[in-house]
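My notes follow in the order I looked things up.

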Amino acid sequence: MQHDEDLEPKSVDECRQRNDWPKWKDAIQPELTSLAKREVLGPVVQIPNGVKLVDYKWVFVRKRNDKNEVQRYKARLVAQGFSQRLGIDYEETYSPVMDAITFRYLISFAAHKSLTCI
């Protein structure tokens with residue numbers, strides 16, 4: 001059985017109780033900054049009657065090298081969209097995610113065509 005410090009934390013409260021809390025806190029801040037920059041988080045509003053909110057959770061991961069040494073701490077705030085039902089809770093979904101291969105291709109294509117941003 002692994003020691004508790006070897007397991008990934010399941011919540012912010014659990015992170016706060018650990019010896020490596022400052023590193024988790026440093027991992028959380030860029031995620032919050034990114035969400036604010038993309039205007040994902042908005043003002044707090046009253047929930048209308050009949051509206052079901054999508055829950056969320058934090059996912060914490062320590063990235064390790066081939067020697068199993070922790071290289072960096074990573075925190076992501078994720079929506080638990082699996083609770084939604086097509087046609088009832090939503091009609092469309094959109095996720096602004098691009099894999100690395102696609103990104104490299106687009107950059108290579110733009111460089112090849114001498115495309116620039118205005």
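The model is predicted, so I treat each value as computed from it.

Next I checked the strands themselves. E1 covers residues 56-64 and E2 covers residues 70-79. They pair in the antiparallel sense, over 9 bridges. The hairpin has 5 residues between the strands. There I found Asn 68 with a positive phi near 65 degrees.

Then I turned to helix H2, residues 21-37. I tested its length. At 1.5 Å a residue, its 17 residues should span 24 Å, and the end C-alpha atoms are 24 Å apart, so the two agree. Just after H2, I noted another positive phi, about 55 degrees, at Glu 39.

Which residues of H2 are buried? I listed Trp 24, Ala 27, Ile 28, Glu 31 and Leu 35. They cover an arc of only 100 degrees around the axis, which puts them on the same side of H2. On the other side, I found Lys 25, Asp 26 and Lys 37 exposed. The buried residues pack against helix H1 (12-16), E1 and E2.

Last, I looked up the largest nonpolar core. It has 9 residues: Val 12, Cys 15, Trp 24, Ala 27, Ile 28, Trp 58, Phe 60, Tyr 73 and Ala 75. H1, H2, E1 and E2 each give two or more residues to this core. H2 gives the most, with 3.

Definitions and conventions. Residues are numbered from 1 along each chain as its sequence is written. This is a predicted model: local features need pLDDT of at least 70, side-chain atom pairs count only at pLDDT 80 or more; totals for chains, interfaces and linings use all residues. Side-chain values use heavy atoms; hydrogens and water are left out. Two strands pair if DSSP finds at least two bridges between them. Helices (H or I, at least four residues) and strands (E, at least two) are DSSP runs, numbered from the N terminus. The expected span of a helix is 1.5 Å times one less than its number of residues. Buried means under 20% relative accessible area, exposed over 50%, partly exposed in between (1.4 Å probe, protein chains only). The arc is that of the directions from the helix axis to the C-beta atoms. Contact means heavy atoms within 4.5 Å. A nonpolar core is a set of buried Ala, Val, Leu, Ile, Met, Phe, Trp, Tyr and Cys residues joined through side-chain atoms within 4.5 Å.
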